[in-house]
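Please read the numbered points with the model in view.

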Amino acid sequence: MSQASEPKKKKMSLSKRQNLTGWAFLTPATLMIAVMSFWPMIQAFILSFQKGKGNNLRFAGIDNYVRMFGDKVFMTSLWNTFFYLIIQVPIMLILALILAQMLNNKSLRCKGLFRTAIFLPCATSLVSYAIIFRSLFGVDGFINSILIKFGILNTGYNFLGNAGSAKAVIIIALIWRWTGYNMVFYLSGLQNIEYSVYEAAKIDGANPLQTFFKITVPLLKPTILLTAIMSTNGTLQLFDESLNLTKGGPSNATITMSHYIYNVSFKYVPNFGYAAAMSFLIFILVAILAFIQMKVGDKRD
Amino acid sequence: MTKTKRANALMYVVLIIVSLISVFPLYWMLIAATNKSVDVTRGKLLPGTAFMDNWKALFANSPVQEAMINSFKYAILLTICALVICSLAGYGFEIYYDKGKDAVFSILLMAMMVPFVATMIPLFRMFSDAKLLDTTLGFILPTISTPMIIMMFRQSARSFPHDIIEAARIDGLNEFQIFFRMFIPTMRSTYAAAMTITFMNAWNNYLWPKVIMLQDTSITMPMLVANLTEGYVTDYGVLMLAVLLCSLPTIIVFFVLQKSFAEGITGAVK
């Protein structure tokens with residue numbers, strides 16, 4: 001009896017030791033996320049009920065949350081952010097899907113060249129591309145000089161000085177920068193789909209549109225969900241483009257939530273409590289939208 | 001037959017147009033960096049001769065060298081730390097899988113939803129108390145451990161054969177030796193993908209350094225480029241040269257690691 005149970009006991013302690021080693025592997029990363037993400041989040045929550053300038057804070061109940069809804073600039077930033085989200089994310093994802101399906105075609109020549117060209121914008125830094133687009137669309141920028149050359153305009157149009165066109169420029173820039181990034185995810189996803197499925201569809205006489213909706217979209221659903229959540233999250237936190245492309249202007253017409261929160265925290269007289277309340281609203285919005293997307297993603301199964 | 005031919009031709013036209021649109025702004029940046037500001041605004045699209053003048057003007061008026069060194073220092077250190085810590089965790093979550101660890105993993109994933117603007121203010125206060133403003137450690141600490149990279153490594157650890165681990169254990173390797181000697185060398189493409197993503201994110205990070213890098217000597221390249229647009233008159237030639245210098249490192253990293261990057265992403269999407 002004792003002889004039989006001994007190796008078992010030894011094995012138990014071995015697996016226990018391995019289990020502990022497992023915890024050792026993941027503890028540094030887990031602790032860092034706890035201290036650098038969750039702890040500050042709790043702090044931000046507490047801060048959002050406080051009022052005062054700089055570090056001189058006192059509790060004020062839900063004042064900050066009430067103030068938010070009467071703050072015209074914040075409401076504009078909220079609307080702008082959703083405007084970018086609703087227009088830009090669907091266009092970008094559909095474009096990325098179409099391009100991915102095209103590049104997945106086995107008979108396509110120069111595939112690598114196209115893929116590299118389309119992905120290249122993602123290798124440009126956010127500040128860089130924002131400034132490139134700012135320069136391209138400036139009053140004396142390239143786009144205006146071309147439009148004047150072809151006689152479409154007489155004088156430079158102030159794209160960034162008018163609310164509507166400034167928003168359009170931001171959306172164009174965002175699509176330019178991120179389409180290739182999402183396309184790479186779809187291309188990777190498509191590689192997990194047997195190519196013979198496409199060949200069979202072709203033999204059965206399916207047109208490209210049918211293959212797209214009947215094969216590509218359903219089979220890529222998990223990847224589409226992932227990119228939708230990532231893009232929504234990214235758009236709700238839009239900062240660099242608002243700051244560097246339009247500087248939030250003209251007169252805050254294109255400002256995003258993150259940009260306004262930055263201004264309230266560090267540009268104007270610091271009001272950390274109010275900024276924390278607004279940033280908490282972003283967190284709630286991100287959580288709600290991710291939840292909705294996951295629910296919708298599940299249902300189509 | 002003609003129908004498929006026409007569809008094919010259409011496909012090439014679309015791809016060529018999209019490729020041109022993708023490359024054009026970068027081509028324009030390159031051209032602008034070699035031209036005088038006046039020529040840039042005139043819409044010139046051919047290389048000019050003002051590159052050296054732009055170079056001298058840029059280096060004379062902005063701390064380009066310091067910003068370049070800072071950006072490389074921050075981004076490289078962050079990438080090394082992130083790869084080690086996140087791959088350890090991804091491996092740990094997958095290889096030593098149990099219910100407890102899985103629960104921890106689900107909680108960590110929630111950190112993906114935490115917007116940076118929300119943690120930015122408490123982090124700024126924490127770091128200013130800890131005297132971490134204007135330091136490399138201050139730059140790298142918040143983003144060393146990210147759920148996204150941990151998840152990538154966890155996914156790729158799924159394809160790491162358990163037989164190898166068992167064999168190595170019998171050979172007397174301890175758990176950490178297995179990780180460093182067996183896992184890391186076989187997962188090169190995942191490391192390359194994670195490295196590309198982390199390096200690019202670190203290099204491009206703009207909001208956080210803008211918050212904690214208060215002195216001119218600790219600014220990054222993106223901050224330097226953004227500062228150039230603060231003036232009243234913009235010299236497009238000089239500005240685009242700065243943009244070019246700021247973009248080159250990430251473009252080079254992308255080209256060098258492109259192939260393994262694609263492989264790594266494929267592994268992660270599976």
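What distance separates the centres of domain 1 of chain A and domain 2 of chain A, taken over C-alpha atoms?

1. The model under review is predicted. In chain A, the domain assignment places domain 1 at residues 2-47 and domain 2 at residues 72-299. Taken over C-alpha atoms, the centres of these two domains of chain A are separated by 39 Å.

2. The next point concerns the two chains. Chain A contributes 73 residues that are in contact with 67 residues of chain B. On the side of chain A that touches chain B, helix 1 (residues 2-47) of chain A supplies the largest share, namely 19 residues. By class, that side of chain A consists of 46 nonpolar, 24 polar and 3 charged residues.

3. A helix pair within chain B also deserves attention. Helix 4 (residues 64-95) of chain B packs against helix 8 (residues 147-157) of chain B at an angle of about 50°, and their axes lie 7 Å apart. The crossing of helix 4 of chain B with helix 8 of chain B is right-handed.

4. The residues that form this contact can be named. From helix 4 of chain B they include Ala82(B), Cys86(B), Gly90(B), Phe93(B) and Glu94(B), and from helix 8 of chain B they include Ile149(B), Met152(B), Phe153(B) and Arg154(B). The contact between helix 4 of chain B and helix 8 of chain B comprises 11 nonpolar, 2 polar and 2 charged residues.

Terms used:
Residues are numbered from 1 along each chain as its sequence is written. Chains are lettered from A and ligands numbered from 1 in the order in which they are written. This is a predicted model: local features need pLDDT of at least 70, side-chain atom pairs count only at pLDDT 80 or more; totals for chains, interfaces and linings use all residues. Domain bounds come from an automatic or database domain assignment. Two residues are in contact if their C-beta atoms, placed from the backbone, lie within 7 Å. Helices (H or I, at least four residues) and strands (E, at least two) are DSSP runs, numbered from the N terminus. Ala, Val, Leu, Ile, Met, Phe, Trp, Tyr, Cys and Pro count as nonpolar, Asp, Glu, Lys and Arg as charged, and the others, Gly among them, as polar. Axes are lines fitted to C-alpha atoms, for helices over the stretch in contact, and angles run from 0 to 180 degrees between N-to-C directions. A crossing is left-handed if the near helix is turned anticlockwise from the far one by less than a right angle, and right-handed if clockwise.
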